[in-house]
Amino acid sequence: MRLSRRGLLRAGLAGSAATALGGLATGCAVPTGSTGRNMVLWYWDGGLGDTVVEKARARYGGTVNLRAVKIGGYYRAKLITTMTGRAHIPDIAGLKGEDMASYLPNADQFVDLRTLGADKYRGQYLPWKWDQGLADDGTMVGFPIDCGPVAHFYQYDVFRRAGLPYEPADVSRELNTWEKFFSAGERLRKRIPGTCLLTDVNSVFENAVQQGSKRYVDRDRHFIGDQEHVRAAWALAVEAKRRGIVSDLVSGTPDQQSAIQDGKLPSQLGASWATNDIKSGVPRTKGRWRVAQMPVRPSNNGGSFLSITKACREPERAFEIITWLLDAANQAQGFVDAGLFPSTPASYGLEQLREPDPFFGGQVTMDVFGPAARQIALAYNSPFDVALGQPLKDEIKNVGVLGKDPKKAWSDAMSKCRRIAEHLGVSH
């Protein structure tokens, strides 16, 4: 099974990462990242656009030797190990968005970007994305790279044959609530037997949680995964299963890909980067797809940051490089190169992002993703959200795929969450 480059982290890693970084003594890291003209940038494959990285090396080559290194495998674990060992630490380090919360409690291991003049750039970036890079005390650890606004991908002809709205504007308008979305799924199944609107219940549960301003742990380190915002998302997912709009297939499997290609799974809720996953996963569906807004409001899935470590000997020059790499024009190029959706709204009107996409029937998908990116709610992301959200995701998957009783699944999820919370020192 081919894993998406945005695949979620395994349960528990967030807590362990916070612990590992927390073990570093404040302010005593040996500056080993750069020597003389050398400057090292760490990122991962697809984390930055290759064209822009090469241009940066040429642009700043007269004053610094920028060595951009793609780190494979478990990126965060390798970065933490390097920082803990205080040797070969990169000057500039990419930080994946799903990991960001685990770095913020250890902001003293990074240069506060405000001290380098970051605040003057704030207005050029999505406000909610900018704030995700800030620690509780206001320290700016991460400078925004991309984001992942979620939209509704659907197959135009299947929706038309089912008697559903099929033009993007109509789908956005007429399927703008979860109830309308579910009703459309029921009509689809009745009119074209064997079809399901979505692959699994997790896409409902996870996106419903992501639409709001709360997750699983609050600022006071208290577990809130048993509160109404999560209960409501759980109930929506259970309802999707009860009404038969989801399949019993597992995402990413050959069976799912086959069903998508055959029009049996003609719809999905996915982030902007899913355009590349669809193109590479089911290339024979070229021209069938369109994109509309998802029900209620957009959620976000993915998006990363660049940071400057305390090991950097030339933070001012590193910051100059970062701000150039991540300006509106270069973020637009990053979208073209690697599908990195810009966190700079000024990019959305640039010509290279306004090209009709033949895979999506000539639609300009930026007309959907751009407005979606602006509407995402800011939520507090705890270092413990990954670990304490995983039991809920696992159990709702058991409901969807295995037919487990929802009440039993909820009870089991809560039991697991309480045990994990106690282990991590999270109150409940």
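**Exercise 1.** Which residues does Arg 243 touch, not counting residues up to four places away in sequence?

Solution. Step 1: Arg 243 touches Glu 179, Phe 182, Ser 183, Glu 186 and Arg 189, where contact means heavy atoms within 4.5 Å. Step 2: the model is predicted, so local features need pLDDT of at least 70, side-chain atom pairs count only at pLDDT 80 or more, and totals for chains, interfaces and linings use all residues. Residues are numbered from 1 along each chain as its sequence is written, and side-chain values use heavy atoms, with hydrogens and water left out.

**Exercise 2.** Is Arg 243 buried or exposed?

Solution. Step 1: buried means under 20% relative accessible area, exposed over 50%, and partly exposed in between (1.4 Å probe, protein chains only). Step 2: Arg 243 has 9% relative accessibility and therefore counts as buried. Step 3: the side chains of Arg 243 and Ser 183 are joined by a polar contact of 3.3 Å. A polar contact is a pair of N or O atoms within 3.5 Å; within protein, one must be able to donate a hydrogen and the other to accept it, and residues adjacent in sequence count only if both atoms are side-chain atoms.

**Exercise 3.** What is the strand order of the open sheet?

Solution. Step 1: strands (E, at least two residues) and helices (H or I, at least four) are DSSP runs, numbered from the N terminus; two strands pair if DSSP finds at least two bridges between them. Step 2: the five strands have the order β2-β1-β3-β9-β4, with mixed pairing. Step 3: β2 (65–70) and β4 (143–144) are the edge strands, each pairing on one side only.
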